[in-house]
Amino acid sequence: MSIQCARAVPVVLGALTLISAGGSVGFATEAAFQTHCLKCHSRASTLARRLKGDTRDERAAALSKFLEDHHLDDPAARAAIVKYLVEQTDP
Ligand code: HEC
């Protein structure tokens, strides 16, 4: 029983980290873009303008899929960057 409780601790800590990161999403997502994309893409707004898809959901889905195979293995960073770029597009 106590072993199971100990296993739960990292999961809870991880969830708390996600929740607290939510408070500063704007900054965190921009930093993720700068870390992973800026060396090859100088302007986020240029990428955002060229995203394909008629709705935000479509653009987010297409970009997320594209990034799986485009210099980004980290799913958390991918989600943050997708959100950051798609938020800069029209509704
Ligand atoms: C090592 C350099 C490099 C890195 C790092 C990189 N890209 Fe790219 N990216 C490219 C190149 C070169 C192209 C154009 C050729 C192609 O489509 O592969 C491209 C194309 C794209 C496109 C398609 C643009 C279009 O015109 O349709 C998107 C969207 C994109 N990148 C997003 C990103 C994002 C978001 C990141 C950060 C996770 C990123 N890229 C990181 C080099 C890079």
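Is His71 buried or exposed? Hi everyone, let's start there. His71 counts as exposed, because it has 10 C-beta neighbours inside 10 Å. For the cut-offs, a residue is buried with 20 or more other C-beta atoms within 10 Å of its own, exposed with 12 or fewer, and partly exposed in between, with C-beta atoms placed from the backbone. His71 sits in the loop between H4 and H5, and its phi is positive, about 60°, although it is not a glycine.

Now a word on what you are looking at. This is a predicted model, where local features need pLDDT of at least 70, side-chain atom pairs count only at pLDDT 80 or more, and totals for chains, interfaces and linings use all residues. Residues are numbered from 1 along each chain as its sequence is written.

pLDDT is the predictor's confidence in each residue, from 0 to 100. For the protein, the mean is 80, and 70% of the residues reach 70 or more. Confidence is highest in H4, at 95, and lowest in helix H1 (residues 2–22), at a mean of 50. Over residues 12–24 pLDDT stays under 50, and there the model has one contact beyond four places in sequence. Two residues are in contact if their C-beta atoms, placed from the backbone, lie within 7 Å.

Next, the overall layout. Helices (H or I, at least four residues) and strands (E, at least two) are DSSP runs, numbered from the N terminus. Of the 91 residues, 14% count as buried. Among contacts between residues at least 6 apart in sequence, 62% join residues at least 24 apart.

Let's move to the ligand. Which residues are closest to it? They are His36, Cys37, Cys40, His71 and Leu72, out of 14 residues that surround the ligand. Here, near means that a residue's C-beta atom, placed from the backbone, lies within 6 Å. Helix H3 (44–50) and helix H4 (56–68) are the elements that give two or more residues to this shell, and H4 gives the largest share, three residues. By type, the shell has eight nonpolar, four polar and two charged residues. Ten residues make up the largest nonpolar core, among them Cys37, Leu67 and Tyr84. Such a core is a set of buried Ala, Val, Leu, Ile, Met, Phe, Trp, Tyr and Cys residues joined through C-beta atoms within 7 Å. H4 and H5 each supply at least two residues of this core, and the largest share, six residues, comes from H5. In soluble globular proteins, nonpolar side chains tend to be buried together. Leu67 is in contact with Leu72, Arg78, Ile81 and Val82, leaving aside its neighbours within four places in sequence.

Finally, a check on helix H5 (residues 75–86). Its twelve residues should span 16 Å at 1.5 Å a residue, and its end C-alpha atoms are 16 Å apart, which agrees. The expected span is 1.5 Å times one less than the number of residues.

How values were computed: Ala, Val, Leu, Ile, Met, Phe, Trp, Tyr, Cys and Pro count as nonpolar, Asp, Glu, Lys and Arg as charged, and the others, Gly among them, as polar.
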